[in-house]
Amino acid sequence: MLTSDARRNFDLEDVNVEGAERIAEAVAKYDIDRFVHVSSYNADKNSSSEFFRTKGRAEEVVRSIFPETTIVRPAPVFGFEDKLLNKLASASNLFTSNRMQERFWPVHAIDIGSALATMVEDDTTASETYELYGPKNYSMAEIAQLVDREIIKHRRHINLPKRMLAPMAQAYNKLIWWSQVSADTVEREFIDQKIDPKAKTFQDLGIEPADLANFTYHYLQAYRSSSFYDLPPATERERREEKKYLHVIDDQ
């Protein structure tokens, strides 16, 4: 359950807490052997973000009902139709705050899927908490640079103070039915990812997570114009450019 914004007919408490509670009650009632609850990175009932607060409360609720619950906290996820690379590549992602300086360890959707499949089959993961994150820490601005380089376009990002952008986002979010931005997503731009040192990781599952930089071409080629669509990945282009030049060292 990864809903990140409140919509018109329900709020984050309804989805993240009450929804998780109903599922946990059904698991306990019907004597289900395994229950894996997908939470979120930075889940914390004391967070300044409502999303992170409700995720933190949900973890406590499901564990109180079904103690054997496996809790999974994925970092921001990248993959097909994600809300990370695709958002940065979109021309509609115009306004931001905190100058895109929030930092996190993006994780590949395929690695999350592999981890969940392993947990369901491995009873030793019951009652454990897993922080699932990628091998490299990035700022949002650094990822935006990777995206621009791969799609061979420059996406403009206008930085606005939180006191201005948050109320604007809240009003905008009520006017449209599809998720774009909210006051809480603005708040989360000011919260870096924190890793619980007591939680288990991919390493405990025998999985080596992939780095986002190796997949930008795979997931972003469609954003290129027709003039550049068939060019090789950015890193490969750079290697080819380097080979055009002969470096001569004059040691005389």
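Is Asp196 buried, partly exposed or exposed, and what is its relative accessible area? Asp196 is partly exposed, at 23%; buried means under 20% relative accessible area, exposed over 50%, and partly exposed in between, with a 1.4 Å probe and protein chains only.

Some ground rules. This is a predicted model, where local features need pLDDT of at least 70 and side-chain atom pairs count only at pLDDT 80 or more, while totals for chains, interfaces and linings use all residues. Residues are numbered from 1 along each chain as its sequence is written, and side-chain values use heavy atoms, leaving out hydrogens and water.

The topic today is salt bridges, meaning a side-chain nitrogen of Lys or Arg within 4 Å of a carboxyl oxygen of Asp or Glu. The structure has 10 of them.

Asp196 pairs with Arg73, N to O at 3.5 Å. Asp196 sits in the loop between helices H7 and H8 and Arg73 in strand E2, so the pair ties together parts 123 residues apart in sequence. Helices (H or I, at least four residues) and strands (E, at least two) are DSSP runs, numbered from the N terminus. Arg73 is buried, at 12% relative accessibility. Both residues belong to a salt-bridge network that also links Glu59 and Glu131.

Next, Glu128 and Lys200, with closest N and O atoms 3.5 Å apart. Glu128 lies in the loop between helix H4 and strand E7, and Lys200 in the loop between H7 and H8, so this pair joins parts 72 residues apart in sequence. Glu128 is partly exposed at 25%, and Lys200 is partly exposed at 28%.

Last, Asp184 and Arg188 form a salt bridge at 2.5 Å. The two are 4 residues apart in helix H7, about one helical turn, and both are buried.
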